[in-house]
Amino acid sequence: MKILQILNPVTPLPAKTIGGSERIVEYLMDELVQLGHDVTFMGHDESTFTNQVKHIPIGTYLDRKKTLKTVWKHLISIKYDVVHNHGRLLYFAPIIYSKTRKLHTFHMADLESGFHNFQRMKPRNLTFSPCGKWIQERYESLGGNWQYVNNGLPISKYSFDHSTITNDSPLVIICRIGPGKGLVDAIEISRKSNKKLIIAGKVGDYPHEKEWFNENVGKYVDDKNIRFIGEVDDVQKNELLNQALALIIPTKDSEAFNTTMIEANACGCPVISYNKFCFPEYIKNGINGFIGDKIEDLIEAVLKINLIDRQNCRAYFEEKYTSKTMALNYLNLYENSLK
């Protein structure tokens, strides 16, 4: 099939540290190419590819003046079997009533402001495919065709190295540094469970972001019991998660489908999180982690984390959440054209 993938030009591919949706689109395209499909990508000007993906630049984070016009012009002039949009719904405008198979993936839990107006136009042959089942359940009553597809990772991207885990092994939290990511809870969980904590992530450049970090996180960092190591790339993350007692994600922010939890399981590392958003959809208590309703539940989960077989975490990932599984699920939707 001739397939077009469209992504807002925020971060170039391949993503190095940040860029959750960028990584997922990259993994998806890699799998589609390996399966023999003709793939074109419209996204950030500075994206580069080593495979057979064709790249059409549409702008950058700071320069998107011509993005919409570039996408529309291309969709009018070039025909595809499938147009898979990971960006703005408005990108579909020139082909909204065409027979072309269309998918729109929501990588965020909140619908964009123009969704209702878009739906009133009754687009043809379009499926909404959010990355989480819970998003589908929240919005499918608004009408349209919905079929979620969970994110996935390349099976060899992260490895399980069977590191020896002891009571002295640290908890890890990997996130964008900010008040909604549960860092305050993570520190409390660490202190009350008497476990070390490693914090990985980027502090924002704005003064208020640095001030929040210093007041709420930095004052607890002693480089012994609580360490802050900044951003980590894939290699560093692989090592960190293999040596971690557990990945904790006590986030307050809405999470569409947190890819870090899959990365952790791929490394054999269990995940602990609150019982909300995407986490009850992914975490199976006692199998690949624990979920809880309150912070006391998460502290209790830390204290019984040794009940989880880390080999089962890796097996769970391999069975359900590889990028090949994700690509095959999307291909099933591509091929099921709605008349």
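Me: Where does His162 lie?

Reply: His162 is in the loop between strand E7 (145–146) and strand E8 (171–174). Strands (E, at least two residues) and helices (H or I, at least four) are DSSP runs, numbered from the N terminus. This is a predicted model, in which local features need pLDDT of at least 70 and side-chain atom pairs count only at pLDDT 80 or more, while totals for chains, interfaces and linings use all residues. Residues are numbered from 1 along each chain as its sequence is written, and side-chain values use heavy atoms, with hydrogens and water left out.

Me: Why is His162 called exposed?

Reply: Exposed means over 50% relative accessible area, buried under 20%, and partly exposed in between (1.4 Å probe, protein chains only). His162 has 54%, so the residue counts as exposed.

Me: What is the phi of His162?

Reply: Phi of His162 is positive, about 60°, although the residue is not a glycine. Most residues other than glycine have a negative phi. Asn194 also has a positive phi, near 60°, and is in the loop between helix H5 (183–192) and strand E9 (197–200). With 69% relative accessibility, Asn194 is therefore exposed.

Me: What makes E8 and E9 paired strands?

Reply: Two strands pair if DSSP finds at least two bridges between them. E8 and E9 are joined by four bridges and run parallel. Ile199 in E9 is the bridge partner of Ile173. E9 also pairs with strand E10 (residues 226–230), in the parallel sense and over four bridges; there, Arg227 in E10 is the bridge partner of Ile198.

Me: What kind of unit do E8, H5 and E9 make?

Reply: They make a right-handed β-α-β unit. A crossover is right-handed if, with the strands pointing away from the viewer, the path from the first strand over the helix to the second runs clockwise. E9, helix H6 (residues 207–216) and E10 make a right-handed β-α-β unit as well.

Me: How do you know that both faces of E9 are covered?

Reply: Leu197 and Ile199 on one side are buried, and so are Ile198 and Ala200 on the other.

Me: Why is Asn288 called buried?

Reply: The relative accessible area of Asn288 is 0%, so the residue is buried. Asn288 is in the loop between helix H9 (279–282) and strand E13 (289–292). Beyond its neighbours within four places in sequence, Asn288 has contacts (heavy atoms within 4.5 Å) with residues including Asn265, Pro270 and Tyr316.
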